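Please look over the sequence and the structure below. Then read the short report that goes with them.

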Amino acid sequence: MFDGVAGLGSSFLEEAFGGLVRVEHMNKKFLDEHLLLYTEEEELEDFVAMAKFYIEEASTLD
Amino acid sequence: MRKPTRKTKRRNRICSRKAYHHQISRRNKKEGRKRSRKRFKHRKTELQCPEIFSLDSNFDEVVSALAEVREQSKVQRNKSSEQVFILLQNIQEISPAGALVLVAEIFRWTKIPTARRLKAASPSQWNPEVRKLLNDMGFFELLGLGAFAQMNTNNEGIRYVKFRTGKKSDGEAPVELLTDDLEPLVGEMPDNHYLYAAVTEAMTNVRQHAYQHDRVVTNWWLSASHHAEKEEVRILVYDQGSGIPGTLPKKLTQDVVSILRNDHAGLIEKAHDLARSASKEEHRGHGLKRDVRGYLERLNCCGYYRVISLRGEYTYKKLASGTSAEKHNHDNPLKGTLIEWSLTLPNE
């Protein structure tokens, strides 16, 4: 849940979520099944989309 | 007791003569040092500043003045006891970026343990507006003079925000800048979540890339300004590191160096379009494009985003008619990287 944050830099999002694939070797299917990313704040929805994008990007680079 | 031979007598004579000369030379050296210390005590160096202290309109003179301050700070590292004065009374106009890089240079000076305190000559003779703006930015506190009380000038429309500095990618600093400093002046900043992301990303870049050789100071500096008449807000992040053209990964520079050579502005632009990270990892180094420049791209208002690093200057403008980019190479380098977002706030 992303609510309450002031903002999130792309470096952080990439390391945190792309890192699950690159470093922790979790595959995208596993993450889709076990990780739910969401926010109730409209202005933070882009950050959720970016986190999902970094998982996707890391999966294609892996 | 054996009678000394002629050879022993000669050796004793030589030894006592050497001891005598050694004693004299030590006394002379000691007195010489005393004399030179006395001479230094009364000697002073004066650092001149240009009338227009602005990176927009007087770049080369400003960076030359800053380079002179840096050179003097190196002399101070060698335990010179010479007093240095900075002549700020010459300045008739100062821009927010000019003020921040000056403050950062003075900050650097204060971090040299052997340095004598840098003095600002005749503050009473300064242009009152310049004095007020530097006071707002925290300049006098840096010089150990303490902040002046509220100063009133003819131009009350321009406000500078007191600088913040740190070494880590500190999430608190941009939050404080947005809520404590800018909100009382302009209300909530547009898309402030993205602004937060942009500023923290710029700080992360300083932490990860900027300081590869410098050991004196490894800080970032953050400040902002508000021009009420123009409804313009500027947010600035500065570091004194190796500069973006100097920290591009070798592989990338080999690819583009044949085209760009010493075109620092071109290299800054390339750093936005390609992954610039010196870490050589493909997933890193997108922050400049996605967050730092990306903030302006996402906004619904006009403005510009500018990066000055070494001799290069890259400006990305967002106007009602569309976006454009400009590049310019200067004769003299700014030591470090300055990132500036300038936004014309939309009317309510």
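## Chain B as a whole

This is a predicted model. Chain B has 348 residues, and 49% of them count as buried. Its secondary structure comes to 11 helices and 11 strands.

Now consider contacts along the chain. Take those in chain B with a separation of 6 or more: 69% of them involve residues 24 or more positions apart. Chain B exposes about 18200 Å². Carbon and sulfur atoms supply 46% of that area.

## Two paired strands

Strand β10 of chain B covers residues 303–319. Of its 17 residues, 14 are buried, so the strand is largely enclosed by the rest of the structure. Its partner is strand β11 of chain B, residues 322–344. The two strands run antiparallel, and 16 bridges join them. A hairpin of two residues leads from β10(B) to β11(B). Within the pair, B:I308 stands opposite B:L338 of β11(B).

Helix α10 of chain B spans residues 264–273. Which residues of α10(B) are buried? They are B:H264, B:A265, B:G266, B:L267, B:I268, B:A271 and B:H272.

B:E269 has a relative accessibility of 21%, so it counts as partly exposed. The side chain of B:E269 meets that of B:K327 in a salt bridge, at 3.2 Å from N to O. This pair links distant parts of the chain: B:E269 is in helix α10 of chain B, B:K327 is in strand β11 of chain B, and they are 58 residues apart. B:K327 is partly exposed, because its relative accessibility is 45%.

Side chains of opposite charge can pair when their charged atoms come close. The whole structure holds 20 salt bridges over all chains.

One of them joins B:K74 to B:E71. The closest N and O atoms of this pair are 3.5 Å apart. Why are B:K74 and B:E71 separated by about one helical turn? Both lie in helix α2 of chain B (residues 59–77), and they are separated by about one turn because they are three residues apart there. B:K74 counts as partly exposed, at 37% relative accessibility. B:E71 counts as partly exposed as well, at 38%.

Another salt bridge joins B:R234 to B:E232, with the closest N and O atoms 3.3 Å apart. Are B:R234 and B:E232 buried or exposed? Both are buried. These two residues also belong to a network of salt bridges. The network links B:D56, B:E232, B:R234, B:R306, B:E313 and B:E340.

## Two buried serines

B:S342 lies in strand β11 of chain B. Its relative accessible area is 1%, so B:S342 is buried. The side chain of B:S342 makes a polar contact with the side chain of B:E232, at 3.5 Å. Set aside the neighbours within four places in sequence. B:S342 is then in contact with B:E232, B:V233, B:R234, B:C302, B:G303 and B:Y304.

B:S225 sits in strand β8 of chain B, residues 220–227. At 5% relative accessibility, B:S225 also counts as buried. Which residues does B:S225 contact, leaving aside its neighbours within four places in sequence? They are B:P96, B:R159, B:Y160, B:E232, B:V233 and B:R234.

## A nonpolar patch on chain A

A:M1, A:L36 and A:Y38 make a nonpolar surface patch of about 350 Å². Where is A:L36 placed? A:L36 is in the loop between α2 (28–34) and α3 (45–61) of chain A. Is A:L36 buried or exposed? A:L36 is exposed, because its relative accessible area is 66%, and the cut-off for exposed is over 50%.

Terms used. Residues numbered from 1 in each chain as written. Chains lettered and ligands numbered in written order. Predicted model: local features only at pLDDT ≥ 70, side-chain atom pairs only at ≥ 80, totals over all residues. Heavy atoms only, no water. Helix = DSSP H or I, 4+ residues; strand = E, 2+ residues; numbered from the N terminus. Buried < 20%, exposed > 50% of the residue type's maximum accessible area, 1.4 Å probe, protein only. Contact = heavy atoms within 4.5 Å. Patch = residues over 30% accessible without salt bridge, like charges linked within 9 Å, V, L, I, M, F, W, Y side chains within 5 Å. Areas by Shrake-Rupley, 256 points an atom, 1.4 Å probe, with all protein chains shown as cover. Salt bridge = Lys/Arg side-chain N within 4 Å of Asp/Glu carboxyl O. Pairing = 2+ DSSP bridges. Polar contact = N/O pair within 3.5 Å; in protein donor to acceptor, adjacent residues only side chain to side chain.
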